[in-house]
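Got your viewer open and a selection tool ready? Let's take a walk through this one, stop by stop.

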Amino acid sequence: MPAPALRVPEELSARVPAEQRGPGLDRDGVRLLVSRGTEVSHHVFGELPGLLRAGDLLVVNTSPTLAAAVDGRVGHARVVVHFSTRGDDGRWAVELREPDGRGTTRARADVTGTTRARADVMEGRGCGGPAGTRVRLPGGARLVLEEPLSGRGERLWWARVSRAEVPALLREHGRPIRYSYTERDQPLSVYQTVFALPPGDGTGSAEMPSAARPFTARLVAELVSRGVQFAPVTLHTGVASAESHEPPYPERFAVPEASARLINAVRAGEGRVVAVGTTAVRAVESAAGSDGVVRARAGWTDLVVAPERGVRVVEGLLTGLHEPEASHLLMLEAVAGRAAIDRGYEAAVRGRYLWHEFGDVHLLLP
């Protein structure tokens with residue numbers, strides 16, 4: 001991860017999307033930091049076609065963003081349910097949070113009245129339980145917590161929803177998950193990327209695959225006209241750990257046969273495989289064998305890409321700017337090396353780049 005001394009000033013959080021910062025701006029108006037090893041250059045995202053070359057391949061995530069936050073009540077207490085991931089048995093992994101009075105949420109405090117529960121909140125793990133907790137949701141729906149998602153902690157729980165189908169509940173009563181650094185609520189359309197394809201079963205990502213947000217239809221057309229190719233994959237992202245930056249939980253993914261063939265063909269030629277976002281890295285690397293060959297796969301992945309494991313397929317990465325404590329930075333280090341990440345992040349802070357899902361982006365090239 002970047003050097004511990006690095007601090008990102010609070011004012012560098014992107015509070016609104018680029019297209020709301022001034023007249024004439026579009027999504028592709030964000031800034032683009034380019035790292036080639038430890039060499040850094042500064043651009044705007046609209047210059048991306050000139051930074052790639054014919055034969056390069058962009059791997060993009062087609063998962064749509066869900067309106068995954070729903071208000072509810074536990075007894076008389078108000079809560080916000082963040083719907084994370086749909087399980088194979090019809091249950092959903094959820095996180096219960098409490099309103100913070102500013103339109104956003106914080107980890108729930110003192111749920112069970114025990115010292116352990118309070119300590120969990122202090123350490124950022126949150127505490128959703130205990131098992132059997134019942135949440136009243138809009139439209140008469142009911143949610144019951146059954147068991148923690150894993151032994152890692154009690155932030156995420158498997159839960160059953162009765163009297164409503166979750167996709168319909170989210171469409172009617174949900175809103176996008178919003179964090180405290182943003183200025184105001186935004187419509188769901190602001191959180192959809194140009195690559196999003198709604199699946200038939202109503203699933204999607206709890207949080208936007210945000211590295212692809214700066215792409216516009218015009219920019220995609222220009223990239224295609226210059227010989228850059230696209231390989232769609234799907235990875236439905238769960239709810240991030242806003243407080244403790246824990247590694248991702250297992251997520252549902254799919255790499256289609258056509259995309260696998262295209263990735264292998266580009267790797268065999270002169271092109272570079274550049275993942276758009278850490279979600280695309282996780283999907284592609286989950287479908288790659290130890291021989292580096294990508295094969296069509298679909299299911300769940302618990303892969304955590306870190307320097308110890310390295311990458312087998314991805315040569316470049318387009319990603320947002322992550323907090324210095326974020327677990328995603330281990331993936332960036334696996335792709336580009338520690339020195340490149342340290343140098344890039346130092347340059348981003350000095351250059352006053354903007355962080356988070358509405359912020360600027362970072363292109364890591366060989």
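Start by selecting Phe 45, Phe 195, Phe 215 and Phe 230: together they form one aromatic cluster. Keep in mind as you click around that this is a predicted model. A search of the whole structure turns up seven aromatic pairs. One of them is Phe 83 with Trp 92: the ring centres are 6.0 Å apart and the planes stand at 80 degrees, so this pair is edge-to-face. Are these two buried or exposed? Phe 83 is buried, with a relative accessible area of 0%, and Trp 92 counts as buried at 5%.

Next, pick Tyr 345 and Trp 355. Their ring centres are 6.0 Å apart, and with the planes at 75 degrees the pair is edge-to-face. Tyr 345 lies in helix 8 (residues 338-350), while Trp 355 is in the loop between helix 8 and strand 16 (361-365), so the pair ties together parts that are 10 residues apart in sequence. Both Tyr 345 and Trp 355 are buried.

The charged end of Arg 31 sits over the ring of Tyr 353, 3.9 Å from the ring centre.

Nine of them form an open sheet with mixed pairing, in the order 2-1-16-15-13-3-11-12-14. Which strands are at the edges? They are strand 2 (39-44) and strand 14 (297-301), each pairing on one side only. Going from one strand to the next, the twist averages 20 degrees.

Now show helix 5 (residues 257-268), which packs on the sheet. Helix 5 touches strand 3 (57-61), strand 11, strand 12 and strand 13 (273-276), and its direction makes about 130 degrees with that of strand 11. Then go back to helix 8, which also packs on the sheet. Helix 8 touches strand 1 (31-36), strand 2, strand 15 (316-320) and strand 16, with its direction at about 150 degrees to that of strand 1.

Zoom in on strand 11 (residues 229-235) and strand 12 (residues 251-255). They run antiparallel and are joined by two bridges. Select Thr 234 to find its bridge partner in strand 12, Ala 254.

**Inside strand 16**

How many residues of strand 16 are buried? Five of the five are, so the strand is largely enclosed by the rest of the structure. Show the side chains: Val 361, Leu 363 and Leu 365 point one way, whereas His 362 and Leu 364 point the other way.

Now look at how strand 16 is paired. Strand 1 runs parallel to strand 16, with five bridges joining them; Ser 35 has Leu 364 as its bridge partner in strand 16. Strand 15 runs antiparallel to strand 16, and four bridges join this pair. Here, select Leu 318 and you'll find Leu 363 as its bridge partner in strand 16.

**Last stop: Arg 155**

Finish in strand 10 (residues 153-162), where Arg 155 has its place. Arg 155 is buried, with a relative accessible area of 4%. What does its side chain reach? One spot is the backbone oxygen of Ala 240, at 3.2 Å.

Methods
Residues numbered from 1 in each chain as written. Predicted model: local features only at pLDDT ≥ 70, side-chain atom pairs only at ≥ 80, totals over all residues. Heavy atoms only, no water. Phe/Tyr/Trp six-rings, centres within 6.5 Å; stacked < 30°, edge-to-face > 60°. Buried < 20%, exposed > 50% of the residue type's maximum accessible area, 1.4 Å probe, protein only. Lys NZ or Arg CZ within 6 Å of the ring centre and 35° of its normal. Pairing = 2+ DSSP bridges. Axes fitted to C-alpha atoms, helices over the stretch in contact; angles between N-to-C directions. Contact = heavy atoms within 4.5 Å. Polar contact = N/O pair within 3.5 Å; in protein donor to acceptor, adjacent residues only side chain to side chain.
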